[in-house]
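Dear colleague,

Here is the structure I said I would pass on. My notes on the packing of its helices and its core follow below.

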Amino acid sequence: MTAPSGAGVRGGRTVNTVLGPVPAGDLGVVAVHEALLSVLPGAQYAPDITMDRSEIFAILAGKLRAFKAGGGGTLVDATGMFHGRDIPLYEALAKSTGVHIIASTGQGPEEMLGGYFLTPQTNPPMPWPAGKFAGLFAKEVAEGMVVPRVERRAAAGLVTTAATREGMTATDESLLRGAARAASETGVAVSFRHGADPLAELEVVLSEGVPAERVLVGGMDRADAVANYAPLEVARRGAYVGLDHAGTNSDPDFVDDEARAVLAVELIAAGLANRIILSSNAIGVAKGVPESAVDYTYVLASFAPRLRSLGVSEADLHKLLVDNPRELLAVDSRAAAGKVK
């Protein structure tokens, strides 16, 4: 499933990729919540972990070519700042495979922050304030993402964060507010993986002035969220609902594909097809985290046919796979922070 260049796109809108801004209409089918190289912070120093860059490149290139051959156009690496993000590697992959790659800025939840960002720097000690996180993330959009000890290069195309599963901490709230402020300042969208209360966390983000249509709430196919009708309420609030674990069928924390597809059909029947984003949370190369049993082709090859079998039209599938991700990621080129200083 592809979209003609510029089709259905308001003039002058672009998306920040690792190779620079591209017209929003050129994205094609977008996998919005995936990981290329996912490294548990510190794993790169472990003696039992290998970090052979040529091997990593070969594996990822093969998976991206398969994604493109299956109809994919753009992949978003939604890992944020400190979980393996490697901008030079992603640039080389984009050039080699022809897949548009969008990298993200952001951090979270609190338990996964680097030590510096957990160190109270005030007297009395308090968590990092939202304004500092906002400045950190916005600079990665406006001036390029940090390549340690080298330079900044490639503007981030998304601000991403997460709330603690057991409940939003003070640091999580700073992260959510900081991500929202950075998104508001730069024009890019904000995506967050919800914690214990997705609606309350969404309200925190919206209270910072970000329009609901610039927000993606991830993990909405989690079993507790589905049981509490949270996907429906988030979509009604105007934010995007991330059904982003397609292919996850044996994790009790998430509904399986059968229930995930029924949820998508119910949202479409409620007139909310334009609020759904599909993805699979696939990991191309995992270091220190579990390997992914799902690949980047899964949504197109397996989940989309399941939706068709339930009566979802091609027009609605196009919304889910092409139109909705494009609308989320696109920014006005006059405001886009794609000019790396």
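A word on terms before the helix pairs: an axis here is a line fitted to the C-alpha atoms over the stretch of helix in contact, and an angle is taken between N-to-C directions on a scale from 0 to 180 degrees. Please keep in mind that this is a predicted model.

Helices 4 and 5

Helix 4 covers residues 130–142 and helix 5 covers residues 170–186; their axes lie 7 Å apart, at an angle of about 40°. The crossing of helix 4 over helix 5 is right-handed. On the helix 4 side the contact is made by A130, G131, F133, A134, F137, A138 and V141, and helix 5 contributes S174, L175, R177, G178, A179, R181, A182, E185 and T186. Sorted by class, this contact of helix 4 with helix 5 holds nine nonpolar, four polar and three charged residues.

Helices 5 and 6

Helix 5 also packs against helix 6, with axes that come within 8 Å and cross at roughly 45°. This pair is therefore oblique as well, and its crossing is right-handed. From helix 5 the contact uses E173, L176, R177 and A180, and from helix 6 it uses E201, V204 and V205. Four of these residues are nonpolar, three are charged and none is polar.

Helix 6 runs over residues 198–206, and its buried residues are P198, E201, L202, V204, V205 and L206. Among the elements that cover them are helix 5, strand 9 (189–193), strand 10 (215–218) and helix 8 (230–236).

The core

The largest nonpolar core has 85 residues, of which Y90, V215, L278 and L307 touch the most other members. What does V215 contact, leaving aside neighbours within four places in sequence? The list is V190, F192, L202, V205, L206, V210, A239, Y240 and L328. A second, separate core of 16 residues includes V15, A189, Y240 and I277.

One histidine

H33 sits in strand 3, which spans residues 29–39. Is H33 buried or exposed? Its relative accessibility is 18%, so H33 counts as buried, the cut-off being under 20%. Not counting residues up to four places away in sequence, H33 touches V76, A78, D244, S279, S280, N281 and A282.

Regards

Notes: Residues numbered from 1 in each chain as written. Predicted model: local features only at pLDDT ≥ 70, side-chain atom pairs only at ≥ 80, totals over all residues. Heavy atoms only, no water. Core = buried A, V, L, I, M, F, W, Y, C linked by side-chain atoms within 4.5 Å. Buried < 20%, exposed > 50% of the residue type's maximum accessible area, 1.4 Å probe, protein only. Contact = heavy atoms within 4.5 Å. Helix = DSSP H or I, 4+ residues; strand = E, 2+ residues; numbered from the N terminus. Left-handed = near helix turned anticlockwise from the far one by under 90°. Nonpolar A, V, L, I, M, F, W, Y, C, P; charged D, E, K, R; others polar. Parallel < 35°, antiparallel > 145°, perpendicular 65-115°, else oblique.
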